[in-house]
Every structure is written in C-alpha cells, then in structure tokens.
Amino acid sequence: MKILGICGSPRKEGSSGTLRLVETVLQATGCDFEIVSLRGKTISGCIACLGCVKDNICKVEDDLSPLRDEIVRADAFVIGAPNYFSGLNATTHALLERWFQFRHQEGNTLWGKLGVAVGVGGTMGHFPADEIEKFFLYNFIETVAKVSGQGAASCFSCGYGETCKVGIPYALHGEGVKITPEMTPDVTRQPDVMAAAVSAGELLGRRLREGHDRAVVTQKMQKIMMDKFQGSV
C-alpha cells in the first residue's frame, strides 16, 4: 500500500506546521509513503477547457502534470493546507480543482480510496481541512480523519505584529503584545493536535491493511453526495 502526502503550504520546511502534521500522520500509518510539497510549484486552476473529457487526462501543462501518475498510483492521500481567509490557499485549491480530470465517463481512478485532511491556521485550521474533505467527497474518496491545528500566522514574523491592530497577535493578546517564541503558535507544542495526527495515521494505516473494499467505499460516498444534491433541488 502506498500513501501520497501532499503539503500545500508555501512555507519552508522548518517553519511549516502543515508539513509537520502531514509528516506525523504519514509516519504513524506504518505504510509506505511519499510526500510532495507544493512550495515553489506553479499549478493553475481548472480552465474549463474540457480537454480531459475523452481520456481523463488534464491538458494544462504545468507542475501538476508530473504528479498525475503519483496521484493515480496512490491507495490513499494525506493532504494538508494552511488557512487563507477561512479557506484553502490558492495552490492547494488549484491542485484539487484539477482533479476534475478524473471524473468523466464514470472514471473511477480515485473512487473508493481513503484520505486524511489536514489544516493549519493562525487561529483555526478546520476551514482548510473541511475544504479538503469536500474535494475528497466529490471524488468519492472517504475522509477517515481530519486534523487541524494552530500555526504561526504571518503576523508573528512580518515585523509589525506588535503594533498592527488588525493582526493576529493583537487579536489574540490585545494591546501591548510582545511577540516571543514561547507565545508563537507551534503545532509541535500542541499535544492534543499531535496526538490527533498520530491517531489519524494509525487509523488510515489500519483501514488500508484490512483491505478496504473500494467499491463499498465508493457506494457510501456516492450516497452522501447524492443526498447533498437532493437537498439542493
């Protein structure tokens, strides 16, 4: 079994809470895995050209193209992204938009696979995790767990965090805030979050080793999706 981890954070390795959580989940699975960082990659959103309709292969040539085979080969996914304006950052959103290429003519390339959604935010990380779960659902991938944590918003390192009254440090700590390493959010100092990441990885690994039935998972996710559509009629 092979798991593909994708970290959508643009931050460097040492400063990305998203990457740390994705790695923690993957390491806890006990399965073979590969991790891909989207940092520095150029991935555009879907341009609605419909070039993928006949063969389920996106015709937009950018840094997603060489990742396609890895996505197809993976048995499961651990995808993490930072919170940008209570949603996904653009690169991660673009990546998942382009999974539209897998959906045509009952293309079941991703159907019935499993996933873990990871989100990190300056205040809350559940927004990007929820968005990733939504994209999983559209591809009939079951989200077996979601992990969210609080990371260091850019305001902690921009140079104006102690005086800017619309910044996260001021919002969290009030007038006269003095930024210190100890008060700067770090997922590795959040025991509940790290434990949740380990539990998510263990669950994902267990599900894979038990030989989950992709057809059964697909039917389950299709029903959830159809129920959502019925609610909009």
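Mentor: Helices (H or I, at least four residues) and strands (E, at least two) are DSSP runs here, numbered from the N terminus. The model is a predicted one, in which local features need pLDDT of at least 70 and side-chain atom pairs count only at pLDDT 80 or more, while totals for chains, interfaces and linings use all residues. Residues are numbered from 1 along each chain as its sequence is written, and side-chain values use heavy atoms, with hydrogens and water left out.

The part I would pick is Pro10, which sits in the loop between strand 1 and helix 1 (17–29). Pro10 has a relative accessible area of 41% and is therefore partly exposed, a class lying between buried (under 20%) and exposed (over 50%), with a 1.4 Å probe and protein chains only. Leaving aside residues up to four places away in sequence, Pro10 touches Arg39, Pro82, Tyr84 and Asn89, where contact means heavy atoms within 4.5 Å.

For the whole chain, the secondary structure comes to 7 helices and 5 strands, in the order β-α-β-α-β-α-β-α-β-α-α-α from the N terminus. Of its 233 residues, 47% count as buried, and among contacts between residues at least 6 apart in sequence, 76% join residues at least 24 apart.
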